[in-house]
Amino acid sequence: MTAPLRIALVDDEDLIRSGFAAVIGAEPDLDVVAEGADGIDALAIARSGKADVMLMDVRMPKVDGIEATARITAELDRPPKILVVTTFDNDDYVWQALRAGADGFLLKRTRLEDLLAAVRLVARTDALLFPEAVRRLAAAAPKRNAPKGIGDLSDREREVLTLAARGLSNAEIAAELFLGRETVKTHLSSVYTKLGVRDRTQAVIAAYEGGLV
């Protein structure tokens, strides 16, 4: 039997934490293992290795969710998956959090079934969460120079990255391009190296900022 996913909740509002805890804790495959009230707590929980997935509010006192995310992903070789929680999906804070290393985001008004699905998706698959919302955030974000390394990607690597940015999983990319899954993983690893990023989300952000999508 597969062990439950370990979930941490970090939010400065007690009601938000207790609400999420009640919903998530009722699921047999999910277990709330830690709670915190600010980014300092988030760092401590991440360092402890207790959690597989962390739901983290963006706007918190002392250390906010963006800074906490950046510290966690920079410090730890195997950080928990981080879903930032926000009120508005067009909030610039969300884009900053994704650029800092978050794996996705949730709205505080998200339906319960969608919240649970997002937690499981980010923990157990390689697909990008909410690609259309990420596209909107990218379009609204301040324009930047194309990320270093975009021009070094091969044609196949560009194809793989573009499909990843559209939200396809490795298996779906493999089917789309008539490749093996391991070949897709190899191409993505090469993309990460050339772009100087650590994961899929960061590569997708580079794709948007570099005009590939």
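Reply: Helices are DSSP runs of H or I with at least four residues, numbered from the N terminus. The model shown is predicted, and in it Glu157 lies in helix H7, which spans residues 155–165.

Me: Why is Glu157 called buried?

Reply: The relative accessible area of Glu157 is 6%. Buried means under 20%, so Glu157 is buried.

Me: Which residues does Glu157 contact, leaving aside its neighbours within four places in sequence?

Reply: Glu157 is in contact with Asp152, His187, Ser190, Val191 and Lys194.

Me: What makes H9 roughly perpendicular to H10?

Reply: Helix H9 (residues 181–195) and helix H10 (residues 200–209) pack at an angle of about 65°, with their axes 10 Å apart. Angles from 65 to 115 degrees count as roughly perpendicular, and therefore H9 is roughly perpendicular to H10. The crossing of the two helices is left-handed.

Me: Which residues of H9 and H10 meet?

Reply: From H9 come Leu188, Val191, Tyr192 and Leu195, which meet Arg200, Ala203 and Ala206 of H10. Six of the residues in this contact are nonpolar, none is polar and one is charged.

Me: What makes strand S4 mostly covered?

Reply: Strand S4 (residues 81–86) has six residues, and five of them are buried. Five bridges join S4 to strand S3 (residues 53–57), and the two strands run parallel. Val53 has Lys81 in S4 as its bridge partner.

Terms used: Residues are numbered from 1 along each chain as its sequence is written. This is a predicted model: local features need pLDDT of at least 70, side-chain atom pairs count only at pLDDT 80 or more; totals for chains, interfaces and linings use all residues. Side-chain values use heavy atoms; hydrogens and water are left out. Axes are lines fitted to C-alpha atoms, for helices over the stretch in contact, and angles run from 0 to 180 degrees between N-to-C directions. Angles under 35 degrees count as roughly parallel, over 145 as roughly antiparallel, 65 to 115 as roughly perpendicular and the rest as oblique. A crossing is left-handed if the near helix is turned anticlockwise from the far one by less than a right angle, and right-handed if clockwise. Contact means heavy atoms within 4.5 Å. Ala, Val, Leu, Ile, Met, Phe, Trp, Tyr, Cys and Pro count as nonpolar, Asp, Glu, Lys and Arg as charged, and the others, Gly among them, as polar. Buried means under 20% relative accessible area, exposed over 50%, partly exposed in between (1.4 Å probe, protein chains only). Two strands pair if DSSP finds at least two bridges between them.
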